Amino acid sequence: MLNEINKKILHDMVARSRSPVIIKFSNIREQKARNIMRGVNPTSSTSIKNGLEKLKLSCSDEDYNNAVLMVKTDPIFSGNEFGQLFNIKCPRPLKFPIKFSIEKIERQININEDRIQDIIDLAGDIMIELKKGSFNRALDKCNELKECEGVSIFLIRVISYIVNRYQLLQVGDTEILSKIDRLKSEIEISKSQFIWEVVSQLSNLRTSHIAICKRINELDENIQNGLIAKFFIDPIPKSQEEYVKTVNAFFSFSVLDAYLYISVIQSLNVEYIEDSSINKELKQKISVFSEIEFHPDEMYEKMDEDSSYYFLRECFLFIEQKKAFRFLSIHGYYYSYYNSQKVLPLFQRKLINDYFADVKNLTDLRSFPCDNIIIAWDIYNGKSCGMLENSSALVHLITKKEGILTQDEQNDFVNLMTYTRDIGEICHPDYLDNIAFNAKDDLVKLVAQCLIAIHKKKQYAEHDLRSTIQEYCISHFGGDLIKMMEHLYSVSQAVTEHLMMTCNENFLSKLFHLMDKPVDALQLRADLLEWFGNLKSDSRYIDRAKTLRVDIQINKEKGTIDDSRIYVDPLKYSQWFEDSMISKFSMDLDNFIISNSNNLNLENFSKGKTIGPWDGIIEHILSCYREFCGNKAFGIASYLGRRIRHGTFKGTAESGMLEFARDKQYISLFEDKDFTNKYNLWLNEYFSMVDLLVKDSLQIKNKKKPNGLIRTDIDDQLKKKFAQQLVNEILAVYSKETGVILLPGIILEYCWRMVEIDLADVRKLLSEKKSSYGVFSYSTKAADVQTKRLCSKFIQEVNSSITQKFRLISSWFNKPSYASPSTDIYLLFNAVISEVKDRVPTFRPELDIGDKSFSVNGGAYYVIYDAISVLIYNAAHHGKKDGKIFFMVNYDEPNDSIRISLKTEVSSSDDLEHAKTKIESAISNSDEDAYIIENNSGIKKLKKLEKEGSISDVRFNVLKDSLLLCFNFTFKLNTRVK
């Protein structure tokens, strides 16, 4: 043991002799601070962490900084989790940020000049291999960099770049993936999880760049790594102070990263950034390193409209390259998420103005298709630029003109919507308001209002958009919304696609000048989905249209909904989910699965603290729950509104209470003034309690209703537990063939589980209020037994009445049995029968379905509706009009499927033979000509559904004795519909 200790001392002495500089205890001024550091065990990261945090809280900032520098420079602390100037593993971030002067950091850079030069040479070799596309050799060099203690944010950026190339270029070399995984494991990248997530998310081309930038800009200012993230999206510091803070942030990771950042910013010669004192040789070294350039045409399989957008997202990965830095500085200003506090330094303003020097009018922008896209590096090129440069140019011009456009410019503005992107999110909303206000044409106003609604996401913006749509639609298309959309699509596909997302049932139902009845909105939504699906050849929209039409028919069959319990309309909720969340969920779920992340935990999610592949999923779940609770059209807020606005709650709680005093049998009691006063006083307190419940407690909690018991946030441990279970179930379902089709039902079910926590609080409060205010008591002073008995009877009747009232009211706040988006298959059958009866008045069959039920969950039941419709239509047209129809469903549990049997009666043996011949011929000659929409399609449609895989094992036979045509087919539950 003594020998081992002596070896350790000798190793540290040698290391100290080689180290350029070591912060000694004497550099730490306060005795207390020195004592704290003497008590730190240099081999224990926990001891180092506790010691530094204790020192920070009890001593000066200077001593804290010197203590951190001691940990980062003294070899005795080598191997600690918080890193040194040169690292073989990723460091954990310190709880408290460091605050060194630039001079002190540059002194460390100069002292370690030789090591930095060696590492930069190796980093240059890596960049050369990446430029050549030699990713295996680049990874070998990365391992050399690691062995030279060059683990850094630079290395993390390189890893992300290689991952992207592997996925985008479909390299197919599995050895590359193995090397990446091994390298990430060896450098323990999870210790710097925040940096890794920021780098991987920003450069992930499947995620929403603006949404990630928004989260980065909202990061807590006390998170030092947040400054690094902000540099990645908008690299030019706005002040010397921001520059110093960012240098410290990079220095906290490694001295190499601080050197790279300082060198990049110093090369700009920004007037408010003080000159660097870094040695001349190091300055020259970075100039050679920064001359290596990556070319987009080598980074991507092909150059198209989106290539420059992709390039913008990856620029920070090789930000030392001059052209990449300039491109990010110009376009990152627009694409790092607009906010009103955005600052544009003079240096950056000049960069932008020089880039767009030739752009004077909207006619200078590209407004035509281009097959030969070239990224505009140095100056905007309106002949061959991509959509990103065009978008930045448009916002640049709108900003210069403050949204005041001539009529010709307004028309150009509309035409440019097809060749730009994200304008609603990156343009100043005041300028969009100006365009809308000064619009000479209704179409210009409509486009501007769409962009405003995208940016502001407020009710008043949506109201203005609805008004504009109605005015434009009525004045130009006679109120035909689909004709308006067809015209709009010919002008701007982007605006049309946005309107398709916006025009959900809730939005359409508020187009009062276009809708005669609210139910018309549902039908119009189905028509829009079908039109758009056919236009884009996208079966998803067509399938949603089918489901919607089926649901309309089912609701007709159901009649009105029992409104006795709290309720969220599953159909409307599912439609909202389809319209607003499907694409977002799909993108983030795909991204999460690709990331191979296993760090999905709601406890990690807090606004302003994380950037990860799971954040989008969690935000979507929060949005789903808020909509479930707070939507005033179909959510719990709608139910509460009806109960409270229509006075149902108050009426139920108070009904009959005044009548007790008028009841003839109790008149004698109310002749006693003391009794009357006591009852009236109690009754007033009871009524006040009811009013307070209605006004304050039975509300959705928000700023105006802080005491509301229904909370739209997932803000306690049990809700978080349910939400975590929901995430796990979503991932389990999504990874299978079912895809997104089951998500609305699953999410709705878990929303009910989460809100049940609040509903339990409601029931508890009702019980407490009933016990405190709902019990009348009185001790009569009357001597006679009859009056005492009458008083006792009165009290018992009043209290019994209130008990019944509160038992009823409490029952309202339970989950209804029909809360999930499912339907009974026998109800589905009856809905088909009703629809066919409406179309064939003479069709009045005798039904035999028995007394059964079987629920089908999710949105795929339109397939069953399709199949049944085919057979019932045939029966109505070719069978016996008042004949028998037998319908049966059998569940096959091992295969998780149902076998559906349908028998229809014909009038005679001749009809039976004729139908048999015709059906068998149709089955054998079935082709692709079957109808898509469920009209009078024949047996071909049934075979088409079988061919697509929607149903299986279609069989047909006849029962001659009973004159019955018999059909059977299988529907597999919980499968993705083709």
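Mentor: In the hairpin of β6 and β7, where 4 residues lie between the strands, leucine 963 takes a positive phi near 55°. Helices (H or I, at least four residues) and strands (E, at least two) are DSSP runs numbered from the N terminus, and two strands pair if DSSP finds at least two bridges between them.

Trainee: What should I know about the model and the numbering?
Mentor: This is a predicted model, in which local features need pLDDT of at least 70 and side-chain atom pairs count only at pLDDT 80 or more, while totals for chains, interfaces and linings use all residues. Residues are numbered from 1 along each chain as its sequence is written, and side-chain values use heavy atoms, with hydrogens and water left out.

Trainee: Which way do β6 and β7 pair, and over how many bridges?
Mentor: Strand β6 (residues 952–959) pairs with β7 in the antiparallel sense, over 6 bridges, and leucine 959 stands opposite leucine 964 in β7.

Trainee: And β5 with β7, over how many bridges?
Mentor: Strand β5 (residues 897–905) and β7 are also paired in the antiparallel sense, over 9 bridges. In β7, cysteine 966 is the bridge partner of lysine 903, and cysteine 966 is the bridge partner of asparagine 957 as well.

Trainee: How many residues of β7 are buried?
Mentor: Strand β7 (residues 964–972) is mostly covered, with 8 of its 9 residues buried, where buried means under 20% relative accessible area, exposed over 50% and partly exposed in between, using a 1.4 Å probe and protein chains only.

Trainee: What's the strand order in the sheet?
Mentor: The open sheet has 5 strands in the order β2-β4-β5-β7-β6, with mixed pairing. β2 (846–848) and β6 stand at the edges with a single partner strand each, so one side of each is left without a neighbour in the sheet.

Trainee: Switching topic, how many aromatic pairs are there?
Mentor: The structure holds 47 aromatic pairs, and one of them, formed by tyrosine 333 and tyrosine 334, is edge-to-face, at 5.1 Å centre to centre with 75° between the planes. Rings of Phe, Tyr and Trp (its six-membered ring) pair if their centres lie within 6.5 Å, and planes under 30 degrees apart count as stacked, over 60 as edge-to-face and the rest as tilted.

Trainee: Are those two tyrosines buried or exposed?
Mentor: Tyrosine 333 is buried, with a relative accessible area of 15%, and tyrosine 334 is buried too, at 6%.
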